[in-house]
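Subject: Structure for you to look at

Hello,

Here is the structure I said I would pass on. My notes follow it.

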Amino acid sequence: MLVHTAAERHMVHATMKKIEERLPAGAFMRVHRSYLVRIDQVERIEGDRLLIGGTQIPVGPTYRETLLERIRSL
């Protein structure tokens, strides 16, 4: 798995599920089967994509409603 931070990228040998379990649940959220994001970094949501730091990230249909509810609660 490739982990992106503001400054670097790191190769991590773990499953998405394992990484998700280790991250703070209130700060991070799965938005696609291949993407976890830090919620407070989401700049906007456009259709089936969200924008973080100029990068578009897909939002899976399974995760969309939960994501929108989390964003509304911030």
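Which element gives the largest share of the lining of the largest pocket? That share, four residues, comes from β4; strands are DSSP runs of E of at least two residues and helices runs of H or I of at least four, numbered from the N terminus.

This is a predicted model, in which local features need pLDDT of at least 70, side-chain atom pairs count only at pLDDT 80 or more, and totals for chains, interfaces and linings use all residues. Residues are numbered from 1 along each chain as its sequence is written, and side-chain values use heavy atoms, with hydrogens and water left out.

The pocket

The largest pocket holds about 880 Å³ of space. H4, T5, L36, I52 and I57 are the closest to its centre among the 23 residues that line it. Two or more lining residues come from each of β1 (2-4), α1 (16-22), β4 (35-38) and β7. By type, the lining has 13 nonpolar, seven polar and three charged residues.
(A pocket is an open set of points on a 1 Å grid over the protein atoms alone, where a 1.4 Å probe fits, with protein on both sides within 12 Å along at least five of seven lines; lining residues have an atom within 4 Å of a point.)

The sheet

Three strands form an open sheet in the order β5-β6-β7, with antiparallel pairing (two strands pair if DSSP finds at least two bridges between them). β5 (44-46) and β7 (55-58) are at the edges with a single partner strand each, so one side of each has no neighbour in the sheet. β5 pairs with β6 (residues 49-52) over three bridges, and I45 stands opposite L50 in β6.

Regards

Terms used
Points joined across faces, edges and corners; volume = space filled by probe spheres on them. Nonpolar A, V, L, I, M, F, W, Y, C, P; charged D, E, K, R; others polar.
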